[in-house]
Amino acid sequence: LHVRNLLADSAAEGARYGASLGATDSMATERTRELITAALGEGYAQDVTVRHVDVGGHDVLQVDVAATLPLFGLLGPERAIVVSGRAIDEDTL
C-alpha cells in the first residue's frame, strides 16, 4: 500500500507539473521519474507514460505509472500495479 500511494502521488504531481502553462509532456515524465526515484528507487520509475485524454470536453494530461509489485525487493510480477494522475492542461484553457 505504501508503494502504491507513493507511485500515485508521484503520478499526480507529475501530471500537475506537466499540465502547467508552458510545460511539456516530457517535463511531466521527467518530474514523475524524479519523484519516484527519490522515494522508492530507480527501478520503480522505468514505465512512465504521458498522454492527453478528453474528460468532459477538457484536455487533460494523464500520467500512468506501471511497476512491479514488491514481493521481495524489486522482484515480483511485472506491471502488477498501475496508477494514474490527471490534471487539466492549462495551455488549452
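This short talk walks through the strands and the charged contacts of one predicted model.

A word on conventions: residues are numbered from 1 along each chain as its sequence is written. Because the model is predicted, local features need pLDDT of at least 70, side-chain atom pairs count only at pLDDT 80 or more, and totals for chains, interfaces and linings use all residues, while side-chain values use heavy atoms, with hydrogens and water left out.

Strand 1, residues 47–55, runs antiparallel to strand 2 and is joined to it by nine bridges, two strands being paired if DSSP finds at least two bridges between them. On its other pairing, strand 2 is joined by eight bridges to strand 3, residues 81–88, again antiparallel. Eight of the 10 residues of strand 2 are buried, so this strand is largely enclosed by the rest of the structure (buried means under 20% relative accessible area, exposed over 50%, partly exposed in between, with a 1.4 Å probe and protein chains only).

Turning to charges, Arg 51 and Asp 64 form a salt bridge with their closest N and O atoms 3.1 Å apart (a side-chain nitrogen of Lys or Arg within 4 Å of a carboxyl oxygen of Asp or Glu). Arg 51 lies in strand 1 and Asp 64 in strand 2, so the pair ties together parts that are 13 residues apart in sequence. Asp 64 is buried at 11% relative accessibility, whereas Arg 51 is partly exposed at 43%.

How values were computed: Helices (H or I, at least four residues) and strands (E, at least two) are DSSP runs, numbered from the N terminus.
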